[in-house]
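The following exercises are meant to be worked through with the sequence and the model open side by side. Please try each task before reading its solution.

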Amino acid sequence: MAKSLLLISRQAPWSGPSAREALDIVLAGGAFDLPIGLLFLDDGVLQLASGQNAKALQQKDLSANLQALPMFGVEDLYVCADSAAERGVATAALALDELNILSAPQIAALIDRYDQVITL
Amino acid sequence: MAAVLLIGSVMKFAIALFSAAHAPSSRRALLFAQAALAGGHEIVRLFFYQDGVYNAADSLVTPQDEQDLPQQWRAFVSDNQLDGVVCIAAALRRGVLNNEEAQRYQRSAVSVGAPWALSGLGQLHDAIQDADRLICFGGA
Amino acid sequence: MSTLHVLSHSPFGDSRFTSCLRVLGEQDALLLCGDATYALQPGSSPFERLQAAGLNLFVLAEDLQARALDTPDWAEAINYAGFVELSIEHDKVNTWL
């Protein structure tokens, strides 16, 4: 059976290529039909804020890549409730559907469940 | 208990590096890799991603009285006949090109060669599947 | 299942230290290296948090030596061979890049 990978994305969307390159690992894994989970933690939750405008900074729209996750077979999507609350990001209005909002103990259990972890 | 039983047996490591050659974490990755082999373990692949691609660049010139990490990585990979893969997308973005890519994009600068191979993120996932442990180094 | 968490950033600079302690499981261990070893600066707030947390705490010896820090009796200093062994003793390694 294929080993599962949890990617923990901690980067804000407009701080250089880091958030996109983290997402690329997830999309590549999905393309190979590997069991992949994605957790948005710390500033990573800011990737999910709605109404962002990539054009204002002449950037590519990260949200298009995020929307593509289910098409790549990546459906295990998680958000850290504490990170969102600390940053004033309302979990009811995030840019992705089907997100699981997790408490800290639930995140500890999530990390435990996966075979390998990458935190970027 | 299962983990305790594994001590003493050969483990297969995948090592991924995300930071530039001058970052302390890149030196830490090399020392970990050397210790893993010294302990009788196997490294199924080194994968350089994000700024980690700079560790494979021939074009880095380290001051004589400082540790030349790109050179040490080259020697380590060559001497131990390891599989050293540099993410091609991350490398292109950072101007780390091999001969083939320089020709493809008509650039005059070639900055990476043997023992490194430029390839895609699939090689990272392959390594994760092959290995018992994935160990990442990066940041500070 | 257990995870070895690895921190290398200063505990004073960002949210890694706090978030890592928050999601640490009971079976997990924490390895401090690089600037993360400044968490063992006596009298600092990270030092007090680690001391109170009572977790399985390891620290890379070379980074302590470089910074003239001591190993408290509730932590264990290791070298690279020890790092490799720790990564084997735990089911996975989560480095906070």
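**Exercise 1: two helices of chain B**

Task: find which residues in H2(B) meet which residues in H3(B).

Solution. B:Ser26, B:Arg27, B:Leu30, B:Ala33 and B:Gln34 in H2(B) meet B:Leu69, B:Gln72, B:Trp73 and B:Phe76 in H3(B), where a contact requires that the C-beta atoms, placed from the backbone, lie within 7 Å. Sorted by class, this contact has 5 nonpolar, 3 polar and 1 charged residues, with Ala, Val, Leu, Ile, Met, Phe, Trp, Tyr, Cys and Pro counted as nonpolar, Asp, Glu, Lys and Arg as charged, and the others, Gly among them, as polar.

The model is predicted, so local features need pLDDT of at least 70 and side-chain atom pairs count only at pLDDT 80 or more, while totals for chains, interfaces and linings use all residues. Residues are numbered from 1 along each chain as its sequence is written, and chains are lettered from A and ligands numbered from 1 in the order in which they are written.

Task: what is the angle between H2(B) and H3(B)?

Solution. Helix H2 (residues 24–38) and helix H3 (residues 69–79) of chain B pack at about 25°, with their axes 11 Å apart; helices (H or I, at least four residues) and strands (E, at least two) are DSSP runs, numbered from the N terminus. Axes are lines fitted to C-alpha atoms, for helices over the stretch in contact, and angles run from 0 to 180 degrees between N-to-C directions. H2(B) and H3(B) are therefore roughly parallel to each other, a label given to angles under 35 degrees.

**Exercise 2: the sheet of chain C**

Task: which strands of chain C stand at the edges of the sheet?

Solution. Begin with the strand order, which is E4-E3-E2-E1-E5 in an open sheet of 5 strands with parallel pairing; two strands pair if DSSP finds at least two bridges between them. Strand E4 (76–78) and E5 of chain C stand at the edges, each with a single partner strand, so one side of each is left without a neighbour in the sheet. Within this sheet, E2 (residues 29–32) and E3 (residues 56–60) of chain C pair over 4 bridges, and C:Leu30 stands opposite C:Leu57 in E3(C).

**Exercise 3: chain C against chain B**

Task: how many residues of each chain are in contact, and which element of chain C gives the most?

Solution. The contact joins 19 residues of chain C with 21 residues of chain B. On the side of chain C, H4(C) gives the most, with 8 residues.

Definitions and conventions: Angles under 35 degrees count as roughly parallel, over 145 as roughly antiparallel, 65 to 115 as roughly perpendicular and the rest as oblique.
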